[in-house]
Amino acid sequence: MSSEENTMPQVALTIENGIARILIDHPERHNAMTFGMWQQLAQHFETIAQAPEVRVVVLSGAGGRAFVSGADISEFEHLRDSAEQVQRYEDTAQLALNAIAACERPVIAAIEGICMGGGLGLAGAADLRYANRSARFRMPAARLGVGYSLHGVQRLVQLIGQANTADIFYTARIFDAPEALRLNFIHAFHEDGEFHAAIERVAATIAGNAPLPIRAAKLALRTLSAGHAIDAAAAHAIEHAVQACFDSADYREGRSAFLEKRPPAFKGQ
Ligand SMILES: C/C=C/C(=O)SCCNC(=O)CCNC(=O)[C@H](O)C(C)(C)COP(=O)(O)OP(=O)(O)OC[C@H]1O[C@@H](n2cnc3c(N)ncnc32)[C@H](O)[C@@H]1OP(=O)(O)O
């Protein structure tokens, strides 16, 4: 038995230098998400919500060959053989995906290798998606006979459009990183040997920027992507978040740093 086979599937969180790293760790199944892993993922976002020092979250897969290969199919027999069980599973996965979308800090999906099924959903819930050149993408629902939730389809439509979503769903074909970029699913891909450094650079850049304007922008983006008219309460919440930027010490720091030709040091206040 290899050391990989001894690992317990888990989702691990570490926080260091303003960067929260969430590692999907189930490499012997290409980081397939078990029911327990969806629960752990949601819990980590609760921890992050209570950790004001976090400026950015990086979501990645262990082992170097996969980001996430989707839901763990070996559990389907036990967890998805009645309508209630399917609903419970969907609700649990949805809770984790909503936690990513609702996180006030930007979430980066670092897609190294396989990104399929629920892995596409997971990456799609993040704010930013970067892949390595060897990454492979697929929406295999139609090859497996599994249904995909309305939210999941909606998120893909928002990212890659209705026609492309239909294409990748109906054909269930594998596509590569250049095509994922062309479809607008990812922002960029990097050569395999440069991938980790590229992720570190973007995470450090975001962590060094002022948190309040980022928070206000994420709130606005999230409200706009809800797909319905913005009501007065939502508009007020966004205006409030924008105003908080102008009232902040970081705003003064940003202006001073610019005028003094030095890098800014933001405190998130
Ligand atoms: C609402 C959301 C629903 C979903 O997400 S449903 C799941 C959607 N995902 C998939 O359908 C992907 C399934 N996996 C594959 O098609 C293949 O794997 C890959 C193309 C990703 C990789 O192929 P290769 O490199 O040949 O590896 P390998 O030998 O197939 O995989 C190594 C071990 O990993 C297990 N595994 C891979 N993906 C999953 C998964 N999603 N759930 C459970 N197990 C998985 C395999 O079975 C195998 O296991 P063993 O070594 O015992 O033969």
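**Pockets and ligand site**

The largest pocket has a lining of 31 residues, and A101, Q158, L221, R222 and S225 lie nearest its centre. A pocket is an open set of points on a 1 Å grid over the protein atoms alone, where a 1.4 Å probe fits, with protein on both sides within 12 Å along at least five of seven lines; lining residues have an atom within 4 Å of a point. This is a predicted model, in which local features need pLDDT of at least 70, side-chain atom pairs count only at pLDDT 80 or more, and totals for chains, interfaces and linings use all residues. Residues are numbered from 1 along each chain as its sequence is written, and side-chain values use heavy atoms, with hydrogens and water left out.

**Largest pocket**
- Helix 10, a DSSP run of H or I with at least four residues, gives the most to the lining, with 8 residues.
- Domain 1 (3–207) and domain 2 (210–260), with bounds from an automatic or database domain assignment, each provide at least three lining residues.

**Second largest pocket**
- The volume of the second largest pocket is about 490 Å³.
- Its lining comprises 30 residues, with G70, A71, G117, G118 and Y148 nearest the centre.
- Helix 3 gives the most to this lining, with 5 residues.

**Ligand**
- Around the ligand are 17 residues (a heavy atom within 4 Å), of which H30, S69, A71, I73 and G118 come nearest.
- A polar side-chain atom of H30 is 3.0 Å from a ligand oxygen atom.
- A backbone N or O atom of S69 lies 2.7 Å from a nitrogen atom of the ligand.

Key: A polar contact is a pair of N or O atoms within 3.5 Å; within protein, one must be able to donate a hydrogen and the other to accept it, and residues adjacent in sequence count only if both atoms are side-chain atoms. Helices (H or I, at least four residues) and strands (E, at least two) are DSSP runs, numbered from the N terminus. Grid points are joined across faces, edges and corners, and a volume is the space filled by probe spheres set on the points.
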